[in-house]
Amino acid sequence: MVETEGSPFGGCLEKMKSYVRTRKGTILTAEILLSFIILICYAASMYGGYSAVAICEMVFAIIFFIVFMMELDKQFLVVNWLWSDLIRAAIGAALYLITSLICVIGGSGDGARIAGGVFGLVAGILFVYDSYTIFLDIKSGRQHTAASTDDTV
């Protein structure tokens, strides 16, 4: 039996398990898995050049997963992590939607390319949803109470 308390990765595994249960952790995990599936589909197709989008988005999702899981966003305040994540998700949504439409429309005779395009459309929708939730987080953090106009002290 493996003891998680004595192992050097025990705390990291517990953080990962608890973070995957959060909404943001679930979204990032789904983005990583979908990007990996798309990477496999594009690599198996006759045109492997589309796999660059899947590789980049998977790497960026892994980086942000680790940053948010280990709560490094609270330690490195130089980077605005919410805005960086919003830009990552919005660019990922646009790239996935564009490349997936190209692959689905022009992929006749290449089943792996069409499958990658269909999974890419699903990933694009997931990235749009991620962008929307991040935007709502940013918007809720900016709302302040209005200043009082009452002259009495």
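What follows is a short chat about this chain.

Q: What kind of model is this, and how are residues numbered?
A: It's a predicted model, where local features need pLDDT of at least 70, side-chain atom pairs count only at pLDDT 80 or more, and totals for chains, interfaces and linings use all residues. Residues are numbered from 1 along each chain as its sequence is written, and side-chain values use heavy atoms, with hydrogens and water left out.

Q: OK, how many helices and strands are there?
A: The chain has 5 helices and 0 strands, so the order from the N terminus is α-α-α-α-α, where helices (H or I, at least four residues) and strands (E, at least two) are DSSP runs numbered from the N terminus.

Q: How much of the chain is buried?
A: 35% of the 153 residues. Buried means under 20% relative accessible area, exposed over 50%, and partly exposed in between (1.4 Å probe, protein chains only).

Q: Which residues touch the most other members of the largest nonpolar core?
A: Phe-68 and Tyr-96, in a core of 28 residues. Helix 2 (23-44), helix 3 (51-69), helix 4 (81-106) and helix 5 each supply at least two residues of this core, and helix 3 gives the most, with 9. A nonpolar core here is a set of buried Ala, Val, Leu, Ile, Met, Phe, Trp, Tyr and Cys residues joined through side-chain atoms within 4.5 Å.

Q: And what is Tyr-96 in contact with?
A: Leaving aside neighbours within four places in sequence, the list includes Ser-35, Ile-38, Val-53, Glu-57, Gly-120 and Phe-127. Contact means heavy atoms within 4.5 Å.

Q: Switching topic: where does UniProt place "transmembrane region"?
A: The unreviewed UniProt entry has that feature at residues 25-45, 51-69, 89-108 and 114-135. Such annotations may be inferred rather than shown by experiment.

Q: How far apart are the end C-alpha atoms of residues 25-45?
A: They lie 30 Å apart, and the span is 95% helix and 0% strand. For residues 89-108, the end C-alpha atoms are 29 Å apart, with 90% helix and 0% strand.
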